[in-house]
Amino acid sequence: MNLLNYVPGNSFLHRLNPITKLAAAFLYGLACILCGSILMELGFIVLMIAVCAVAGLGKRALRLTRNLLILGLFMFVLQLFFVRTGEALVQIGEFVLITTGGLASALLLSLRVVATMLPLMLLFAITPMNDLCNALVKKAHLPYRYAFILTTAFRFVPLFSTEFHEIQDAQKARGVDFETKNLFRKIGLVAPLCVPLLVSSLEKVNSSAISAEMRGFHLRTRQSGYKEYPFTGRDVLIFVILISLVVFSALFL
Amino acid sequence: MIRFEHVSFGYPNGETTIEDLSFHIQKGDFVALIGANGAGKSTISRLCNGLLRPLSGRVYLDGQDTLITPTSQLAKKAGFLFQNPDRQICENTVEAEIAFSMKVQGWPADKIRERVAAALETFDLQGDWFPFNRSRGERQRIALAGVLACEPELLILDEPTTGLDYLECIRIMDHIKMLNLEKKITVLMVSHDMELVQDYAGRVLVLSGGKLLGDGPVKEIMKNEPLLRQARVLPAQIPSLALAFGDRFADVFTIREMYEAICREKGRGICRAGREKE
């Protein structure tokens, strides 16, 4: 399962206005960034997973959290060794390896990364890309070509991934040993794949552009979409809750 | 050369599944895989060199079990020509491109130089060309030259002539046929082009929905219209016409043979012969 795919549904999260969803994801992220307490960051993550679970997206949220935690771990390790404030925690002879400040800051930062990114990633599960794009054009008055860039970029990700695997297969069939256990060797082997991938991508971009032009891409205006995206009381409620959350986080956490 | 033993395969998303498929291809055979889209032709071709591995059953390539032998190892035996040469080409010059496979397979440098020079001449290519801005036919030739330079014992062709003009197609296929006859290279060709299958293959495997519907000499299969129809394959035109003309045209497969048969039968009322059969 692709973790950025839309999950069809009719929960309260799905029914929100796409703009509200986008803004809510950003505001939630902002609250996480402003928050300075490790426990509260953890609380933000749990809260997000709980909200998703209520909307029937619990599994997706957990899997995303797991994947983000790997990224978090990377940040954790970096912070742990590079922040050298506070008292010594682990010491080898005269050399201080880990400090209390380092540990606290590493924990906070890695959890913050997870907490901030989680709502943004979950946005894709509850919003079809086209709706987001159309709503941005209609409500936020974003020029259509920029909204189009956004949706196209996302639509091309799985395409490129398929293409990449095809190219990898072609090279495997020629005797390139991708099954090697040596990580550095593997990276060295993947590098030559970039050439055919780049060539085919550029070709694809060119033909997509031509086909969009042929179908009157430049004629599209804000009125072209037939769907309307009205704001409702529900959206206002979400805005109020999230803005209070940001204020609360900035003032007290 | 290739042996499928009760092979089953399915993609994770549930696409084309192959169920309990068994067949054997002898060394030196020229075999064509035909069938409608989604019949499992490409899947079978990829099972042969370990790009895909069977979920159950075994595939043996020259005695090596593809389940446990790495693809890079199998690649020394089996050359694979893809439909789209652009997925294969990754070097900046034709020379380097042809040498690529031999390099990764660990050939000695002097042997590589020798083979590259020979390949450039055989396929009418120039070593300093930038492969990506050559024509479709030339790119396909470059890819084929790269595959054949390693002297594989088995050549797998996945719709090798799509997008090529008639002359390019004949040129490539004639060369492959020559290698098949002279060097006893086994060829497994996936194709939709029945004329091509009829002209070059010796044996045909007919697939439908991942199952083997028919397996036999090309002349037998081409005349078996119900079988081809069942596999949703349009038979080549001349054999179909010959079939309509009746038994006296039984061994007519090419335009030349048709012409000669018509001359022979002139005045005997070939059309009547066909009508009587109905």
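Chain A of this predicted model is divided into two domains: domain 1 covers 18–128 + 229–246, and domain 2 covers 140–224. Taken over C-alpha atoms, the centres of domain 1 of chain A and domain 2 of chain A are separated by 30 Å.

Helix α5 of chain A spans residues 129–138, and its buried residues are A:Leu132, A:Cys133, A:Asn134, A:Ala135, A:Leu136 and A:Val137. Among the elements that cover these buried residues of α5(A) are α1 (18–34) and α6 (144–173) of chain A.

Chain B contains 12 helices and 10 strands. Along the principal axes, the C-alpha atoms of chain B fill a box of roughly 65 × 45 × 30 Å. Of the 278 residues in chain B, 42% are buried. Among contacts in chain B with a separation of 6 or more, 63% are between residues 24 or more positions apart.

One part of chain B is an open sheet of 4 strands, ordered β2-β1-β4-β5, with antiparallel pairing. The edges are taken by β2 (18–25) and β5 (64–65) of chain B; each has a single partner strand, so one side of each has no neighbour in the sheet. Strands of a sheet pair through backbone hydrogen bonds, in either a parallel or an antiparallel arrangement. Within this sheet, strand β1 (residues 2–9) of chain B and strand β4 (residues 56–61) of chain B run antiparallel and are joined by 5 bridges. B:Ile2 has B:Leu61 in β4(B) as its bridge partner. Helix α1 of chain B, residues 41–48, lies across β1, β2 and β4 of chain B and runs at about 120 degrees to β1(B).

In soluble globular proteins, nonpolar side chains tend to be buried together. The largest nonpolar core has 83 residues, and the members that touch the most others are B:Leu33, B:Cys48, B:Ala145, B:Val187, B:Leu188, B:Ala201 and B:Val204. Helix α5 (residues 136–149) of chain B supplies the largest share of this core, 7 residues. A second, separate core has 31 residues, including A:Tyr28, A:Ala31, A:Leu68 and A:Ala125.

Which residues is B:Val187 in contact with, leaving aside its neighbours within four places in sequence? They are B:Phe30, B:Val31, B:Leu155, B:Leu157, B:Ile176 and B:Asn180.

Definitions and conventions
Residues numbered from 1 in each chain as written. Chains lettered and ligands numbered in written order. Predicted model: local features only at pLDDT ≥ 70, side-chain atom pairs only at ≥ 80, totals over all residues. Domains from an automatic or database assignment. Core = buried A, V, L, I, M, F, W, Y, C linked by C-beta atoms within 7 Å. Buried ≥ 20, exposed ≤ 12 C-beta atoms within 10 Å, placed from the backbone. Helix = DSSP H or I, 4+ residues; strand = E, 2+ residues; numbered from the N terminus. Contact = placed C-beta atoms within 7 Å. Pairing = 2+ DSSP bridges. Axes fitted to C-alpha atoms, helices over the stretch in contact; angles between N-to-C directions.
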